[in-house]
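Here is a short report for a first look. Begin with the display below, then read on.

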Amino acid sequence: MPVDLASLKPAKGAVKVRKRLGRGVGSGLGKTSGRGQKGAGSRTGSKVTPGFEGGQMPLARRLPKRGFHNHSKVPYQVVSLDRLERFDAGTVIDEEMLRKSRIVKGRGPVKILSDGEIAKALTIKVAAVSAKAREKIAAAGGTVEVAGG
């Protein structure tokens, strides 16, 4: 049988019949339309805020709070030194190049960490570099330029 627009049908279970509210008692959703009798839930514009548990103390307030969240912390995208080994010697590596080569996938400033070794002289321009990584890059004959991040 040829496939054409006339023969296409939605997948089984993809199309659901709409709930018809307030169409008589026999429908099962007549009279109060599934909202129950009285109360705030039966009125228009009623909604329950997320976390509300009907007057019971909500879980978020029952559990003890611990720690501190530093809102001014900079979430760096970290890159290990050994990931930079794929570039040729003398290459200038900046954040844009790291994103293009899919070494860095997320948003935010990039920081180079000293995991692994590096043997090539590279010029690295990123937002931050750890002290140990800076030493290893310099030992390999490379240079580090920290761009504001």
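## The nonpolar core

The largest nonpolar core has 18 residues. Such a core is a set of buried Ala, Val, Leu, Ile, Met, Phe, Trp, Tyr and Cys residues joined through side-chain atoms within 4.5 Å. Buried means under 20% relative accessible area, exposed over 50% (1.4 Å probe, protein chains only). Leu-84, Leu-98, Ile-112 and Ile-124 have the most contacts inside this core. Strand S3 (110-113), strand S4 (123-126) and helix H3 (131-139) each give two or more residues to it. Helices (H or I, at least four residues) and strands (E, at least two) are DSSP runs, numbered from the N terminus.

This is a predicted model: local features need pLDDT of at least 70, side-chain atom pairs count only at pLDDT 80 or more, and totals for chains, interfaces and linings use all residues. Residues are numbered from 1 along each chain as its sequence is written, and side-chain values use heavy atoms, without hydrogens and water.

## The sheet

Three strands form an open sheet in the order S1-S3-S5, with parallel pairing. Strand S1 (77-80) and strand S5 (128-129) stand at the edges with a single partner strand each, so one side of each has no neighbour in the sheet. Two strands pair if DSSP finds at least two bridges between them. S1 and S3 are joined by four bridges. Gln-77 stands opposite Val-110 in S3.

## Helix H3

Ala-133, Lys-136 and Ile-137 are the buried residues of H3. They cover an arc of only 100 degrees around the axis, so they lie on the same side of H3. The arc is taken from the directions from the helix axis to the C-beta atoms. The face turned away from this buried side carries exposed Ala-131, Lys-132, Glu-135 and Ala-139.

Just after H3, Gly-141 takes a positive phi of about 95 degrees.
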